[in-house]
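This briefing concerns the sheet, strand and helix packing of a single structure. Please read it alongside the sequence and the model shown here.

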Amino acid sequence: MPASPSTARAINDRLALRLLQQEGPLTAGQLKQLTGLSRPSVADLVERLAAAGLIDVVGESGEQRRGPNAKLYGIVADQAHLAALDVRTEGVSVVVSDLLGGVLAEASVPIGGDTGTGPAVEQAVALVERAAKEAGVPELHTVGIGAPGLIDPATGELRDSGGLPAWHRRLVLALQERLPETRVHVENETNLAALAEQRDGVAKDRDTFVLLWLGHGTGAAVVLEGTLRRGASGGTGEIGFLPVPGTAGLPSAVDCEGGFHSLAGSAAIVALAERHGLTVEAQGYEPLAARVVRDAVASAVAGAGVVTVAGASAATDFLDALADRLAVGVAAVVAILDPGCLVLAGEVGQAGGADLAARVERRVRRMSPLPTEVRASALGGGAVLRGALLTARERAQDELFAPLQRRR
């Protein structure tokens, strides 16, 4: 059946808004060319969207002839404001943006391991409120949160996972209570990193890939044919629990020690570096494991003693040993999923860069008949915030760009 006039208008409006989101400001003539609609239809949808406050004239094109077609229309960025949170075991980072993702404010706060649940939650919520105030935002439309742990696919809630701070789960509820008009959405941090790499990072040309997160802990995100896969219980990618050779035991349902985490978690990487004679003092906010890997790569590539105690030879041996460990987990993923591409992400993945990625790829090539390209993250530790912001923006736009009749 052909679409009714109201349905056709809704489809055209949505198409035009998506084009303005993807391409930036456009003239009516450009909208006509990109949508294939008639000039009167484009004029009607521009009038409707402007009346709804969704688009406005933001300038003029470089055309010589002035007239209606020379006006540039763009999405009204201040139509809604968003916040993205990256929740870690040791602190929280937040970004506040407009509807188009333009950053208005950024802030972070460390939260010590001995901080009680109530004070930790209050610090995190206050951080969001301060950032919004700094950005001059009276109300947040949507908040996207990236956090470690499992997300219940039925409820969308962060599950009560052993080993994670209790304040993580309470934070989501506290934000919903403190900001009752705001939509709050939580997603696994590694999944958000994969979405960010797919949209803005090294996986833009791949519709199937796996992202391996190497930070304080380990995790993986699986994107198959353009779709993020979460699994029946939201646990796809819990690679830290993967039983692998080279550990002292086996993981349990409540503890990933003995699994891949024991080889590739931050503590394991630092211990491996120490066994190779590498020592690096903590510097700034960079995790020690990332610092060790970054300096080892610099030393191995430059042939200079950037890392104390040992020189380029020890650094190379350490990186080879680390690549051996990572390849064990990567080869298991490749054998099951055959993704063709794997991204090394997180602070450690970014620190290792192309050098560590190449070492892992060579080992996986020897272990598996399935061709797999290993790439280094382009976004590193910032991928979670970027993914949370992208998710918040898409959810806000889905609501705001809904058919105008339904919104009324």
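The points below are grouped by topic, after a note on the model.

This is a predicted model, in which local features need pLDDT of at least 70, side-chain atom pairs count only at pLDDT 80 or more, and totals for chains, interfaces and linings use all residues. Residues are numbered from 1 along each chain as its sequence is written, and side-chain values use heavy atoms, with hydrogens and water left out. Helices (H or I, at least four residues) and strands (E, at least two) are DSSP runs, numbered from the N terminus.

**The five-stranded sheet**

- Five strands form an open sheet in the order β6-β5-β4-β7-β8, and their pairing is mixed; two strands pair if DSSP finds at least two bridges between them.
- The edges are held by β6 (103-110) and β8 (183-188), each of which has a single partner strand, so one side of each lacks a neighbour in the sheet.
- On average, neighbouring strands of this sheet are turned by 15° against each other, direction ignored.
- Strand β5 (residues 91-98) runs antiparallel to β6 and is joined to it by seven bridges; glycine 91 has proline 110 in β6 as its bridge partner.
- Helix α6 (residues 189-200) packs on the sheet, where it touches β4 (81-88), β7 (142-147) and β8, and its direction makes about 90° with that of β8. Contact means heavy atoms within 4.5 Å.

**Valine 96**

- Valine 96 lies in strand β5, and it counts as buried because its relative accessibility is 0%. Buried means under 20% relative accessible area, exposed over 50%, and partly exposed in between (1.4 Å probe, protein chains only).
- Not counting residues up to four places away in sequence, valine 96 touches Leu82, Ala83, Gly102, Val103, Leu104, Ala105, Ala131, Ala132, Ala135, Val137 and Leu140.
- From C-alpha to C-alpha, valine 96 is 42 Å from arginine 363, and the two are 267 residues apart in sequence.

- Strand β3 (residues 71-75) is largely enclosed by the rest of the structure, because four of its five residues are buried.
- Strand β1 (residues 26-27) is antiparallel to β3, with two bridges between them; threonine 27 stands opposite leucine 72 in β3.
- Strand β2 (residues 55-60) is also antiparallel to β3, with five bridges; isoleucine 55 stands opposite isoleucine 75 in β3.

**Helix pairs**

- Axes are lines fitted to C-alpha atoms, for helices over the stretch in contact, and angles run from 0 to 180 degrees between N-to-C directions.
- Helix α10 (residues 312-337) packs against helix α11 (residues 346-367) at about 55°, with the axes 8 Å apart, which makes α10 oblique to α11. Angles under 35 degrees count as roughly parallel, over 145 as roughly antiparallel, 65 to 115 as roughly perpendicular and the rest as oblique.
- By class, the contact of α10 with α11 comprises 13 nonpolar, one polar and five charged residues. Ala, Val, Leu, Ile, Met, Phe, Trp, Tyr, Cys and Pro count as nonpolar, Asp, Glu, Lys and Arg as charged, and the others, Gly among them, as polar.
- The axes of helix α1 (residues 5-23) and helix α12 (residues 383-400) come within 11 Å and cross at roughly 150°, which makes α1 roughly antiparallel to α12.
- Arg14, Arg18 and Gln21 of α1 make the contact with Arg393, Gln397 and Asp398 of α12; by class, this contact of α1 with α12 has no nonpolar, two polar and four charged residues.
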